[in-house]
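This briefing sets out selected features of the structure shown below, arranged by topic. Please read it alongside the sequence and the coordinates.

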Amino acid sequence: MNDQPRRRPHKPHRRPQKDPVRFLAFEALRAVDERDAYANLVLPPLLKKARAKGDFDSRDAALATELVYGTLRRQGTYDAIVAACIDRPLREVDPPVLDVLNMGVHQLLGTRIPTHAAVSASVELARVVLGEGRAKFVNAVLRKVTAHDLDGWVEKVAPSYDEDAEDHLSVVHSHPRWIVSALWDALGGGRAGIEDLLEADNERPEVTLAARPGRSTTDELAKALGEDNSLPGRWSPYAVRMAEGGEPGALEAVQEGRAGVQDEGSQLVAAALAAAPVEGRDTRWLDGCAGPGGKAALLAALAAGRGAALLAAEKQPHRARLVERALAGNPGPYQVITADGTRPPWLPGTFDRILMDVPCSGLGALRRRPESRWRRRAEDLEAFAPLQRGLLREALKAVRVGGVVGYATCSPHLAETRVVVEDVLKGRGGEPVEAEWIDARPLMPGVPALGEGPDVQLWPHLHGTDAMYLALLRRTG
Ligand SMILES: C[S@@+](CC[C@H](N)C(=O)[O-])C[C@H]1O[C@@H](n2cnc3c(N)ncnc32)[C@H](O)[C@@H]1O
């Protein structure tokens, strides 16, 4: 008989379990934070690798995408909630810990994942990527978060609307305050409109295709997508919307460049420029800021149908190559060149129609780039200002008298839209140009709520498009 005292059995040491979906989402969030990567560029290769290893099916990919995009979009709200659950300033929490916490808050408050699963998966992820000590901290914070739902938390952490409307909207709808303020200035109106707009920025946009005229048709695209996955465009005659999402690159028409992925707002801008009335010759078209080539491809197809030629110019050589790829196979004449639109190689008065889709802050496409709202600074607009004016001024020189220039941005910020056009027309900071406004609204037939004109501002919450801006001008002298 063994009379040795019995030893207490050791508590079995359990190695933390690596959940591939959460681990991948965390890797993507770290890349966005550490390397200033773009979520829409970082995520696809990570998903592809995970699929190739057999780790992932399409549901896992959808969950990882939701965790990354949702966490980034709602970061402003989630930061405020986490700040209320800890007893030190948020800036003292290490960024990787904050990523795990915010992703946990998103699972708890922004998805249907059951509470216990959201907490335990986050703590397990923390064990793997942060270690045992910080996993305990994550556990403690997330348990506090479970005390309320999203509405309850927002009520607790956001200042009241009456006290400070912009701060309130900033926390509730997760936008930096200066962006709330700029969007509200551009939109005008009361509380309901700005709230709808900010919420629309937090929705994932539908994937929309453009059937390039003369090269494919909406019927062809709808048939290829199947009845369940295709919806007609809301406004553009070239648009087909992918109802269930999926991989547009798998479609033959997209592979062959006969159709492309393009927001309906961009389609409307290109189509309106092509439809603007021009007296006399109408054979020389220019896209002066063409990269990566979405609008150029639609313009080139429209030009081909009307016996016109498109010159597509782009300053960045690598983006000019993307334009080449987008235009390949266009049935009519076109040329792609690398050129600086502020020091153009073309002679004044050369073109009949010009599109200047200028570089901008991108505040109109926040739904597509979930991290961009946190990266942009109000000061960035100052850097764009001279470039936008220079490009428009040169476009108005490059068009012949009677020809048309379209000035477009994917930002609704007034400093990038109406103010630029008015400054250039009035000759502020340069020589005055002789040009008149064309009412752009009738050139977007059937599209409601286009404002008082003559320029057009599209909105995600009103039109389901990016917030594209278009001013049309005719050179008069
Ligand atoms: C808003 S993007 C154009 C998007 C494009 N129209 C499309 O629909 O795919 C602006 C483009 O202008 C280019 N760009 C910037 N400065 C330029 C310049 N001085 N001259 C010509 N292109 C310029 C940028 O590299 C960028 O590709």
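**Ligand site, helix packing and backbone geometry**

In the ligand site, a backbone N or O atom of C289 is placed 3.2 Å from a nitrogen atom of the ligand. The model is predicted.

- A polar side-chain atom of K295 is found 3.0 Å from an oxygen atom of the ligand.
- K315 contributes a backbone N or O atom, which lies 3.4 Å from a nitrogen atom of the ligand.
- On its own, the ligand has 610 Å² of accessible area, and the protein covers 88% of this.

**The shell around the ligand**

- Two elements, α15 (294-305) and α18 (380-398), each give two or more residues to the shell around the ligand.
- There are 20 residues around the ligand, and those that come nearest are E314, R319, D340, G341 and D357.
- By class, the shell around the ligand consists of eight nonpolar, six polar and six charged residues.

**Packing of α4 against α7**

- Helix α4 (residues 75-85) packs with helix α7 (residues 132-145) at an angle of about 105°, and their axes are 9 Å apart.
- Angles of 65 to 115 degrees count as roughly perpendicular, and α4 is therefore roughly perpendicular to α7.
- On the α4 side, the contact is made by I81, V82 and C85; on the α7 side, V141, K144 and V145 take part.
- The residues of this contact between α4 and α7 comprise five nonpolar and one charged, with no polar residue.

**Cis peptide bonds**

- G291 and P292 are joined by a cis peptide bond with omega of about 5°.
- P292 belongs to the loop between β5 (284-287) and α15, and α15 is one of the elements that give two or more residues to the ligand shell.
- A cis peptide bond also runs from G453 to P454, where omega is near -5°.
- P454 is located in the loop between β10 (435-438) and β11 (456-457).

- D36, a residue other than glycine, has a positive phi near 55°.
- The position of D36 is in the loop between α1 (20-34) and α2 (39-52).
- S174 is not a glycine, yet its phi is positive at about 55°.
- The loop between α9 (165-172) and α10 (177-187) holds S174.

How values were computed
Residues numbered from 1 in each chain as written. Predicted model: local features only at pLDDT ≥ 70, side-chain atom pairs only at ≥ 80, totals over all residues. Heavy atoms only, no water. Axes fitted to C-alpha atoms, helices over the stretch in contact; angles between N-to-C directions. Helix = DSSP H or I, 4+ residues; strand = E, 2+ residues; numbered from the N terminus. Parallel < 35°, antiparallel > 145°, perpendicular 65-115°, else oblique. Contact = heavy atoms within 4.5 Å. Nonpolar A, V, L, I, M, F, W, Y, C, P; charged D, E, K, R; others polar. Near = heavy atom within 4 Å. Polar contact = N/O pair within 3.5 Å; in protein donor to acceptor, adjacent residues only side chain to side chain. Areas by Shrake-Rupley, 256 points an atom, 1.4 Å probe, with all protein chains shown as cover.
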